[in-house]
Amino acid sequence: MRDRAMPISRRGFAALAAAGALGGVARPVIAQGAPLRVGLMLPFSGTFAALGENIAAAIELHIQERGGRFGGRQLQLIRLDDESNPANAVQNVNRLVGRDRAEVLIGTVHSGVVMALVQVSRERGIPLIIPNAGNQAATGELCAPSIFRSSFSNWQPAYGMGLWLSRNGVKRAAWVTWDYAAGNESGEGFRQGLAAGGAELVRELKLPFPETNFQPLLAQIPGLNLDAVGSFFAGGGAVQFVREYAAAGLKDRIPLCGSGFLTEGTLQGQGAAAEGIKTSLHYGDGIDTPKNRSFREAFKARTGRDADVYAVQGYDAAQMLAAGLDGVRGNLDAEREFSRAIRSARIDSPRGPFSLSASHNPIQNMWLREAKGGENKVIGIAAESLADPGTGCRMA
Ligand code: PHB
């Protein structure tokens, strides 16, 4: 049996295991019926704070809907603010699994920070459900039976956008983003989507996360002879970028588009600057199904806010955890059965029902949306039932 509570080091678990540090240490005996401790590692401050808040609120919503229990076990949520800061990620994960003895992890938003969670899950077998971060490796070369995603891979929305543009008259596009895993991997997805329809990604313009000094990048755009500008920004950074793109006089000359995070949960702050922006994402406003309508009503009643993709991903992370715990009647020691129960679940998501690929990433439509009057209206499908290729994933 593994000791899931031992601290991890920056050297990584492989070194610990090689040194025999993990051998023979028993996992603490959990009294039958004791609440299951769920570590919730999310940003509650910084540029992604609103994203973390919506994910957490929707997880709580589903727990409440199920009377506080999954698989017969009561749940205890332990919140930790990771500030979207990769420098503190290992320390933060150690707090959750060491000090707080979390038995299940849900987190996080940022593609760099999530790597510390992926590491602890791989090495300790602690179940991890990722409710946002799109890092390719988590469902690619670092995939594991204990790791699941309720969200997307960075490739998916950007590939959908590039594909749709290339089939709709665009020949030359640029990609503007933060220079970190999410921005770069979605840039690669955009390039591949464009290429699939014979279009070209002619330039990538980047600045460090979470900086917002966009002017030097915007100044380069008019000289590039572009048909479209694609972009990955999110949260507070996205609000500012969209406003500055319009203020620079570019909005009516070169259409701005992107992974749908660019206009998700941000439209109020972006105002008229967002009007007409087309994006691709696995969620959109006005998906007219009973499930989506009831979810949006319940989320609004609980928080006073409108649901967005982050709320949906949090809700579905909770649904996936419920599927796993129901499958083992709350007994997490049944690792294989727990994993199999999630892997084979069909999740009744507000985005539309989905199941997981072999590498544990949702197979899902990439909706085409257009920002109109404060909503991201679904106006078509950019890519149907799109599965991340899961490159490099060899499930143990
Ligand atoms: C990421 O870092 O993976 C990320 C962050 C915010 C988003 C989407 C992806 O909205």
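User: Helices (H or I, at least four residues) and strands (E, at least two) are DSSP runs, numbered from the N terminus. Which residue follows helix 3, and what is its phi near?

Analyst: This is a predicted model: local features need pLDDT of at least 70, side-chain atom pairs count only at pLDDT 80 or more, and totals for chains, interfaces and linings use all residues. Residues are numbered from 1 along each chain as its sequence is written, and side-chain values use heavy atoms, without hydrogens or water. After helix 3 comes a residue with positive phi. That is R101, near 55 degrees.

User: How many of the eleven residues of helix 3 (residues 89-99) are buried?

Analyst: Buried means under 20% relative accessible area (1.4 Å probe, protein chains only). A89, V90, N92, V93, N94, L96, V97 and G98 qualify. They pack against strand 1 (36-42), strand 3 (73-81), strand 4 (104-107) and helix 4. Helix 3 is largely enclosed by the rest of the structure, because its buried residues number eight.

User: Which backbone oxygen lies 3.2 Å from a polar atom of the side chain of S359?

Analyst: S359 sits in the loop between strand 12 (355-356) and strand 13 (362-372). S359 is buried, at 5% relative accessible area. Beyond its neighbours within four places in sequence, S359 has contacts (heavy atoms within 4.5 Å) with T139, C143, G390, C393 and M395. The backbone oxygen in question belongs to T139.

User: Which residues are closest to the centre of the largest pocket?

Analyst: A pocket is an open set of 1 Å grid points that fit a 1.4 Å probe, with protein on both sides within 12 Å along at least five of seven lines; lining residues have an atom within 4 Å of a point. The largest pocket holds about 550 Å³. Its lining has 24 residues, and the closest to the centre are G265, T266, D306, A307 and D308.

User: Between which domains does the largest pocket lie?

Analyst: Helix 2 (49-65), helix 8 (235-247), helix 9 (267-270) and strand 14 (375-386) each give two or more residues to the lining of the largest pocket. That lining has five nonpolar, twelve polar and seven charged residues. Two domains contribute to the lining, so the pocket lies between domain 1 (10-152 + 288-360) and domain 2 (155-281).

User: Which helix gives the most to the lining of the second largest pocket?

Analyst: The second largest pocket has a volume of about 330 Å³. Of its 18 lining residues, P145, S146, E335, R336 and S339 are closest to its centre. Helix 4 (114-124) and helix 12 (335-343) each supply at least two lining residues. With six residues, the top contributor is helix 12.

Definitions and conventions:
Buried means under 20% relative accessible area, exposed over 50%, partly exposed in between (1.4 Å probe, protein chains only). A polar contact is a pair of N or O atoms within 3.5 Å; within protein, one must be able to donate a hydrogen and the other to accept it, and residues adjacent in sequence count only if both atoms are side-chain atoms. Grid points are joined across faces, edges and corners, and a volume is the space filled by probe spheres set on the points. Ala, Val, Leu, Ile, Met, Phe, Trp, Tyr, Cys and Pro count as nonpolar, Asp, Glu, Lys and Arg as charged, and the others, Gly among them, as polar. Domain bounds come from an automatic or database domain assignment.
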